[in-house]
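Here are my notes for a colleague meeting this one for the first time. Have a look at the chain, then read on.

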Amino acid sequence: MTMTEVTGIDHIFIAVADLDRSETFYDRVFIQALGFRKNTFTLGGDSHIQYFNRHFGYVLRPARSGSTHDSCAPGLHHLCLRVDTAADVAAVSARLRGLGIDASEAKLYPEYAADYWATFFTDPDGVRLEVTNYRQERRERHDKW
């Protein structure tokens, strides 16, 4: 039997406490800093906002409880987006900071990998996000699979 290969992430759904507040934040992150597109739709009577590029969608939906995200509780710890180069990480960090997002300066994290550059930031509900570069180990994993 041939194993079915997962070829990517299709979409990620995030439940947010305040849809308007999160839309303002993610407009800056996904549209202004990362060049995604955006649409809206209604599902089960709830408004949803989707940010998307050629590879996947990131969807905001209203939360049904008011608790803030705890990245150390069971569930999502953080979401890491990948760009092509370390220079791209630095550019994204600078754009985010210029848009008022409290993103860390892009820097090298050799404890993760010799060529691991990243910037980190948090959304209004406490969801941790990261942008990193397409590292050599990941390229080799892809090319030599």
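The points below go from the whole chain to a few single residues.

1. First, the ground rules. This is a predicted model, where local features need pLDDT of at least 70, side-chain atom pairs count only at pLDDT 80 or more, and totals for chains, interfaces and linings use all residues. Residues are numbered from 1 along each chain as its sequence is written, and side-chain values use heavy atoms, with hydrogens and water left out.

2. The overall layout: the protein chain has three helices and eight strands, in the order β-α-β-β-β-β-α-β-β-β-α from the N terminus. Helices (H or I, at least four residues) and strands (E, at least two) are DSSP runs, numbered from the N terminus.

3. Now the surface. Of the 145 residues, 34% are buried, with buried meaning under 20% relative accessible area, exposed over 50% and partly exposed in between (1.4 Å probe, protein chains only).

4. On to the inside. The largest nonpolar core has 28 residues, and Tyr26, Phe30, Tyr58 and Leu60 are among those with the most contacts inside it. Such a core is a set of buried Ala, Val, Leu, Ile, Met, Phe, Trp, Tyr and Cys residues joined through side-chain atoms within 4.5 Å. Elements giving two or more residues to this core include strand E1 (11-16), helix H1 (19-33), strand E4 (57-62) and helix H2 (86-98). H1 supplies the largest share, six residues. In soluble globular proteins, nonpolar side chains tend to be buried together.

5. Which residues does Tyr58 contact, leaving aside its neighbours within four places in sequence? Among them are Ile12, Ile14, Tyr26, Phe30, Leu79 and Leu129; contact here means heavy atoms within 4.5 Å. Across the protein chain, 51% of contacts between residues at least 6 apart in sequence join residues at least 24 apart.

6. Leu60 sits in strand E4. Leu60 counts as buried because its relative accessibility is 0%. Not counting residues up to four places away in sequence, Leu60 touches Ile14, Leu19 and Tyr26, among others. Leu60 and Leu19 are 41 residues apart along the chain, yet their C-alpha atoms are separated by 7.3 Å.

7. Is Asp125 buried or exposed? At 9% relative accessibility, Asp125 counts as buried. The Asp125 side chain reaches the backbone nitrogen of Ala17 at 3.2 Å. Outside the four places on either side in sequence, Asp125 also touches residues including Arg21, Ser22, Thr68 and His69.

8. Last, Leu99, in the loop between H2 and strand E6 (107-108). Leu99 has 25% relative accessibility, so it counts as partly exposed. Beyond its neighbours within four places in sequence, Leu99 is in contact with Arg28, Gln32 and Ala33. The C-alpha atoms of Leu99 and Asp46, 53 residues apart along the chain, are separated by 28 Å.

Key:
Polar contact = N/O pair within 3.5 Å; in protein donor to acceptor, adjacent residues only side chain to side chain.
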